[in-house]
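Hello,

Here is the structure I promised to pass on. Please have a look, then read my notes below.

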Amino acid sequence: AAGFQVSFPQGAYYLFVDYTRVPALENMTSMQAAMFLLEKVGVACVPGDNFFGKDSKETTNKYLRFAACRSYEDLEEAARRFEKLAAV
């Protein structure tokens, strides 16, 4: 939703997403995007580049990691908050 491309986990409780198709975030670094989501949308995540080694050939500055180990109500609220991205 909201343009995120999700890499679905296989047995984990987090989502690793490519945010570069989200218009409000597309020109930001992963740190800038994470801070924007926290400050403007009210949803916390971690920049994805923290999860790759220094020698990784993967382009790391386009991912965010969201933990889904919250209550169903909290996850629904996060989904509602993502609707704010359309207004930005």
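Arg70 is exposed, with a relative accessibility of 54%. Keep in mind that this is a predicted model. Arg70 forms a salt bridge with Asp74. The closest N and O atoms of that pair are 3.0 Å apart. Asp74 itself is partly exposed, because its relative accessible area of 35% falls between the 20% and 50% cut-offs.

The count comes to 4 salt bridges. Two others to look at involve Glu77.

Arg81 pairs with Glu77, the closest N and O atoms being 3.0 Å apart. Both residues lie in helix H2, 4 residues apart, about one turn of the helix. Salt bridges with shared partners join Glu77, Arg80 and Arg81 into one network. In the Arg80 to Glu77 bridge, the closest N and O atoms are 3.1 Å apart. Arg80 and Glu77 are 3 residues apart in helix H2, which covers residues 72–82. Here too the spacing is about one turn of the helix.

How accessible are these three? Arg80 is partly exposed at 45% relative accessibility. Arg81 is partly exposed at 30%. Glu77 is partly exposed at 29%.

Now the nonpolar side. Met31, Met35 and Leu38 form a nonpolar patch on the surface. Together they have about 280 Å² of accessible area. Met31 lies in helix H1, residues 30–41. Its relative accessible area is 49%, so Met31 counts as partly exposed; exposed would need over 50%.

Best wishes

Conventions:
Residues numbered from 1 in each chain as written. Predicted model: local features only at pLDDT ≥ 70, side-chain atom pairs only at ≥ 80, totals over all residues. Heavy atoms only, no water. Patch = residues over 30% accessible without salt bridge, like charges linked within 9 Å, V, L, I, M, F, W, Y side chains within 5 Å. Areas by Shrake-Rupley, 256 points an atom, 1.4 Å probe, with all protein chains shown as cover. Salt bridge = Lys/Arg side-chain N within 4 Å of Asp/Glu carboxyl O. Helix = DSSP H or I, 4+ residues; strand = E, 2+ residues; numbered from the N terminus. Buried < 20%, exposed > 50% of the residue type's maximum accessible area, 1.4 Å probe, protein only.
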